[in-house]
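Welcome! Let's take a friendly walk through a protein model, looking at a few side chains and how they meet their neighbours.

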Amino acid sequence: MKKKSKVCWLIYIAAFVVFLYIGYKVPYCHDEWQWGLDERIELMKNGFKDYNGRYLGNLLALLITRSVLAKAVVLAAGVVWLLDVMYKNIRFEEESWTKENTFLLLGAFFLLISIPSTLFQQSYGWPAAFVNFVPPVFLFLIYYNWTEWVYTKQKQSAIPVWETIMVIPLGISVQLFSENITVFVAFYAVWIVVYTLIRYKNIPLIELNFLWASIAGALIMFSNGAYSRAADGSDGYKEIHITVSGLARQFISNIWYHLSINNWVLNILLIIVLLILIQKSGRKTFATIEMTIVFCGYSVYSVFHKIYPQWVFDSDQNLNNAINTMLAILFFANVLLCIWKNVDRKEGISMCILYLSSGAVAAPLLAANPIGARCFYVSYIFQALVLLKLIRYLTGRYRTELFYPILITGMAVCVLCVIYVRMFLAIGQVNDYRAQLIQTGIEQEQREIVLPVLPYSEYFYQTIPPNERWAKRFKKFYHIPEDVTVRFEQILE
């Protein structure tokens, strides 16, 4: 076995084991109470008519709610698959394993587990959301990896026949999970065809196959009656509103936060790398001074906002949100400017496209309601890939000793893994105690069952029914008689 295989597989196995444990211990919550009922099987038999067009995500949701082991394996396999696709996009193509590759793979692992708690809660901590918002990310990135040469090469690359064929089921499948990604992928398929035609005066068959497959997948999704009902307001849950004021309000009040300042760890690391890039360039122009000021200022504000989120620029919430939005746009624009000016064009184009895509994939959310942090997992991954590509660029261009960066990153990964394992051990223990109380209450025919509130609630989704409708689903899922009262109490330390 080559050294490369040993190191790579060790990191993959570690990631799989950690997320297998998290997936096994994360409690069933909210939507899973519905998916675990027989009525969802009947919905599947009816083709999820008037429910939604997330056909593949719905099938996975049915699977994970019928087996705890399946839930754990799906979550762990999904994360490792994403880690592998990210790594294939950023690795150095050497014959033997290098320190640079170790650093990049560990960096990707770190970014996957250091996501904000709000994003963790609605991805790894909410299995029903995970199966809809994570699989389409690595499916799209597979296609991105296959066709990234259009940005980095001076001439067309030889494309394997199997990629040209497999891109068809890939293009259809990626469209059947979440709506904003479906819209983005369809537009990206058009974009890359146009870009390739202009640059190379030719369109590879792989791009044409992905174009028609992604459009077909989008048509399959949006042919579901749920979306016409959302548009006319009769759905009762999903809404689609397209007005200038509504789009602006959605962006200012919600989207800017999830796209930018919520990802404070990622932003700080990105800023550090960009400042190093500016310093290495040796240029002292007005643009570099302006970028340095923006990056330093935004990094300080990101940390301050995390420590003291109650602080505001103005007591008027709309004005405060508008100021934060302008700062986020300023930061976003300067990231693109810095990459464009300081990275070789053949690599810089790909980075800029990915960073722009992190915003473009959120554009459909302007007209959608409700939306949550889970919708921005894909944006986070795109931005994380840009950071990793910049690190790859710097380590490849300016050879530096990576022993200490590898050591620090590896230690950070280990510490975070231990924290999450310990956290979900406690969550699992209380959740198991809940199951015992429910079983005892049913066997003893108790008229009231008192269940403890699970600890670390910011890292998983709702495990307490928010209203009577969800309370009925909770009881059905756990086979609690309808006339039994279920009450939740905080455990005293």
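Are tyrosine 143 and phenylalanine 210 buried or exposed? Both tyrosine 143 and phenylalanine 210 are buried, where buried means under 20% relative accessible area, exposed over 50% and partly exposed in between, using a 1.4 Å probe and protein chains only. This is a predicted model, in which local features need pLDDT of at least 70 and side-chain atom pairs count only at pLDDT 80 or more, while totals for chains, interfaces and linings use all residues. Residues are numbered from 1 along each chain as its sequence is written, and side-chain values use heavy atoms, leaving out hydrogens and water.

**Aromatic pairs**

- The structure holds 44 aromatic pairs; rings of Phe, Tyr and Trp (its six-membered ring) pair if their centres lie within 6.5 Å, and planes under 30 degrees apart count as stacked, over 60 as edge-to-face and the rest as tilted.
- Tyrosine 28 and phenylalanine 477 make an edge-to-face pair, 5.4 Å centre to centre with 70 degrees between the planes.
- Tyrosine 28 lies in the loop between α1 (3-25) and α2 (31-35) and phenylalanine 477 in helix α22 (residues 468-477), so this pair ties together parts that are 449 residues apart in sequence. Helices here are DSSP runs of H or I with at least four residues, numbered from the N terminus.
- Tyrosine 28 is buried because its relative accessible area is 11%, and phenylalanine 477 is buried at 13%.
- Tyrosine 143 and phenylalanine 210 are stacked, 3.6 Å centre to centre with 5 degrees between the planes.
- That pair links helix α9 (residues 135-147), which holds tyrosine 143, to helix α13 (residues 205-222), which holds phenylalanine 210.

**A charge over a ring**

- The charged end of lysine 71 sits over the ring of tyrosine 28, 5.0 Å from its centre. To count, NZ of Lys or CZ of Arg must be within 6 Å of the ring centre and within 35 degrees of the ring normal.

**Two polar side chains**

- Glutamine 175 is in the loop between α11 (161-173) and α12, and it counts as buried because its relative accessibility is 0%.
- A polar atom of the glutamine 175 side chain lies 3.0 Å from the backbone oxygen of serine 214.
- Arginine 199 belongs to helix α12 (residues 179-200) and is partly exposed, with a relative accessible area of 28%.
- The side chain of arginine 199 has a polar atom 2.8 Å from the backbone oxygen of valine 150.

Notes. Polar contact = N/O pair within 3.5 Å; in protein donor to acceptor, adjacent residues only side chain to side chain.
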